[in-house]
Amino acid sequence: VLCDRFFSSLAGPSEPNHLYTVAAKSGGLRNNPPSNIAGRAGVYTFPTLAELLQNTHVTWKYYDEKPDPRRHSLWNPMPGFRQFQRSPELMSHLVGLSQFYQDVKANQLPNVCWIVPNHADSEHPPADSARGMWYVTNLVNAIMQSEAWKETVIIVTWDDYGGFHDHVFPPAVDEFGYGPRVPALIISPYARPG
């Protein structure tokens, strides 16, 4: 299913929008962080969705394709949370992308997972969009060819709108956004047209 009314959470760049994906808010951050906190560990203190999952015994992992999944970056804010830095248990859920393929093969995918590409596979300009499409296709195919497929919902989205003009204005929901419309696909045996 193509979601044609899916907007970025915030009228801003990558890190605040990635914070929304893991915490349903940006903690007031409207732009990528300034140099005094950019990429630093333990700078955020508000609760995350991962903690909610953990506390309710729902399994989860954050798969990051970059070399160090436990390093705070624009696209991986999890290590930027103080509570993660203080908890080896929470940090153990931040793993490399190769672990995703191992988990799929072993039929051990968590109930919820986030997957974040490196820059070359992200389709973020000037990256090769065809390479990014194959990256996503391989991830989706791995799940579709596994036991997990029959109970899976995959949401594929991007954190930026690609720089193209869009005639659809984002709804004004609060002082932060929504931001521009971004692509989103729902891929699942449960997905139905319309």
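The legends below describe an overall view and several close-up views of a predicted model.

Residues are numbered from 1 along each chain as its sequence is written, and side-chain values use heavy atoms, with hydrogens and water left out. Because the model is predicted, local features need pLDDT of at least 70 and side-chain atom pairs count only at pLDDT 80 or more, whereas totals for chains, interfaces and linings use all residues.

**Figure 1. Overall view of the protein chain, with six helices and five strands.** Helices (H or I, at least four residues) and strands (E, at least two) are DSSP runs, numbered from the N terminus. The elements follow the order α-α-β-α-α-β-α-β-α-β-β from the N terminus on. The radius of gyration of the protein chain is 17 Å, close to the 16 Å given by the globule rule for 194 residues, so the chain is as compact as a globular protein of that length. This radius is taken over C-alpha atoms, and the globule rule is 2.2 Å times the number of residues to the power 0.38. The C-alpha trace spans about 45 × 45 × 35 Å along its principal axes. The accessible surface comes to about 11,000 Å², and 56% of this area belongs to carbon and sulfur atoms. Accessible areas come from the Shrake-Rupley method with a 1.4 Å probe; for residues, only the protein chains shown count as cover. Of the 194 residues, 40% are buried. Here buried means under 20% relative accessible area, exposed over 50%, and partly exposed in between (1.4 Å probe, protein chains only). Among contacts with a separation of 6 or more, 70% are made by residues 24 or more positions apart; contact means heavy atoms within 4.5 Å.

**Figure 2. Helix α1 (residues 14-23) and its cover.** Nine of the 10 residues of this helix are buried. The buried residues are Ser14, Glu15, Pro16, Asn17, His18, Leu19, Tyr20, Val22 and Ala23. Their cover includes helix α2 (49-55) and the strands β1 (60-64) and β3 (112-116). Just after α1, Ala24 adopts a positive phi of about 65°.

Figure 3. Leu97 counts as buried, at 9% relative accessibility. Apart from residues up to four places away in sequence, Leu97 touches Tyr63, Asp64, Glu65, Ile115, Tyr135 and Leu139. Between the C-alpha atoms of Leu97 and Arg192, 95 residues apart along the chain, the separation is 29 Å.

**Figure 4. The salt bridge between Lys61 and Asp103.** Side chains of opposite charge can pair when their charged atoms come close. A salt bridge is a side-chain nitrogen of Lys or Arg within 4 Å of a carboxyl oxygen of Asp or Glu, and a search of the whole structure finds six. In the pair shown, the closest N and O atoms of Lys61 and Asp103 are 2.7 Å apart. Because Lys61 lies in strand β1 and Asp103 in helix α5, the pair ties together parts that are 42 residues apart in sequence. Both partners are covered by the chain: Lys61 is buried, with a relative accessible area of 18%, and Asp103 is buried at 3% relative accessibility.

**Figure 5. Salt bridges of Glu147 with Lys150 and of Arg181 with Asp166.** The closest N and O atoms of Glu147 and Lys150 are 3.4 Å apart. Glu147 is exposed, with a relative accessible area of 53%, and Lys150 is exposed at 52%. Arg181 and Asp166 meet through their side chains at 2.8 Å, N to O. Both Arg181 and Asp166 belong to the loop between β4 and β5 (184-187), 15 residues apart. Arg181 is partly exposed at 24% relative accessibility, and Asp166 is partly exposed at 24%.

Figure 6. Strands β4 and β5 pair in the antiparallel sense over four bridges; two strands pair if DSSP finds at least two bridges between them. Ile154 stands opposite Ile187 in β5. Val153 is found in the loop between α6 (129-144) and β4 (154-157), and is exposed, with a relative accessible area of 51%.
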